[in-house]
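Let's take a walk through this model together, starting at the ligand and ending in the core.

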Amino acid sequence: MENQNFETLAIRTQTERTQFDEHSTPLFLTSSFVFEDAEDMRASFAEEKDKNLYSRFSNPNVTEFVDKITKMEGAESGYAFATGMAAIYSTLASLLDAGDHIVSCQSVFGSTHTLFTKYFPKWNIETTYFKAEDSENVEQYIQPNTKILFLETPTNPAIEVLDLEFFGQIARKHNLIFVVDNCFATPYLQQPIKYGADIVVHSATKLIDGQGRVLGGVAVGKADLIREIYLFSRNTGPAMSPFNAWVLSKSLETLTIRVEKHCENALKVAEFLENHPNVTLVKYPFLKSHPSYEIAKKQMKLGGNIVAFEVKGGIDGGRNFLDKIKLCSLSSNLGDTRTIVTHPASTTHSKLSEDERNEVGITAGLVRCSVGLENIDDILNDLRQALD
Ligand SMILES: *Cc1c(COP(=O)(O)O)cnc(C)c1O
């Protein structure tokens, strides 16, 4: 059936049934595949046939997962990886040559930042960062050798929102490959390809799994670019496992209803925090007080499940808050059914100086809350007793 809607694509995109007529896709735990004869084998390796050869290249479970994300993002094709970082690394490493240059928003996921500042320079690939609030001046950072424009929105953990339509136009004007990490929004809330993204990458570990079980990553986008990424990856070996693909494909069937509920709970948490006397600042894209509220409303269906807020008392205030938490988990993951709180200044970003932290919007008392699917009253009660 043509022209299916988002939820239907997430549920009905399915690998061809086997002779057992199973309703739900089985798990294909096989590292390789067999051929009829020498000619079948030759034609399959020559890519004259659309056949699985070896699970580092493709596997029915992985293909099903990739097909779903490809359709849900409105992309042409894709490839799935063992982790989100494998997706980001392999995408960039396959598209960049020595001497190329990246322009990236400064607030990107920690390991992406490390990739840009520590590892890519080994191959003479340099990155220039711009700050989210300085977006309108991004063109001044573009050089003749700039090849990639990279960004995340909303950003982690400062929850800044970048204007995808604006950056899509910049990328087109300067002939850059526009790569968006869409992890925080998921394809349900935001589809960067509509705004000109060439490649969308995800950590499927977060809301796509949604239950804190498996790691995964995926890159989808323009077919010619994905072809490069695929050829690089089938030789370097960061492939997603069939088991993880099977889990993640099932997860996508419920993505819409899960993410809607996550966002409903997160908005209530954000509104509660905004009215609490021990909270000095709340950052959530769908709060009117968010500096990019209008952009968020334009490009996102709902505000996402991450709320960042500043508790009184700086570093100690943040740590004390975590010590008082009873129901929520102290964990570094996000996008789980369980509500999670973290204090970036004393954990993930503790190695940065205070100035460096302030540069990326991580103030001393900043707490990041990944709002889960527990009953909202129980989440609010826990936050309230810890803040009081
Ligand atoms: C977690 C995360 C990643 C990395 O994903 P892994 O699956 O942990 O490798 C990349 N980008 C963002 C925005 C993330 O939150």
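What follows covers the ligand site and then the nonpolar core.

A couple of ground rules: this is a predicted model, where local features need pLDDT of at least 70, side-chain atom pairs count only at pLDDT 80 or more, and totals for chains, interfaces and linings use all residues. Residues are numbered from 1 along each chain as its sequence is written, and side-chain values use heavy atoms, with hydrogens and water left out.

Start with the ligand. It has 13 residues around it, and Met85, Asp181, Ser203, Thr205 and Lys206 come nearest (near means a heavy atom within 4 Å). By class, this shell holds five nonpolar, five polar and three charged residues, with Gly counted among the polar ones. Helix α4 (residues 84-95) supplies the largest share of the shell, three residues; helices here are DSSP runs of H or I with at least four residues.

Now look at the ligand's oxygen atoms. A backbone N or O atom of Gly84 lies 2.9 Å from one oxygen atom of the ligand, and for Met85 a backbone N or O atom lies 2.8 Å from a ligand oxygen. Thr205 uses its side chain instead, with a polar atom 2.6 Å from an oxygen atom of the ligand. Taken alone, the ligand exposes 380 Å², and the protein buries 92% of that (Shrake-Rupley areas, 1.4 Å probe).

On to the core. The largest nonpolar core has 75 residues, and Phe65, Val307, Phe309 and Phe321 have the most contacts inside it. Such a core joins buried nonpolar residues through side-chain atoms within 4.5 Å, buried being under 20% relative accessible area. Helix α10 (residues 255-274) gives the most to this core, eight residues. Because domain 1 (6-252) and domain 2 (255-387) both give residues to this core, it lies between them; the domain bounds come from an automatic or database assignment.

Conventions. Polar contact = N/O pair within 3.5 Å; in protein donor to acceptor, adjacent residues only side chain to side chain. Helix = DSSP H or I, 4+ residues; strand = E, 2+ residues; numbered from the N terminus. Buried < 20%, exposed > 50% of the residue type's maximum accessible area, 1.4 Å probe, protein only.
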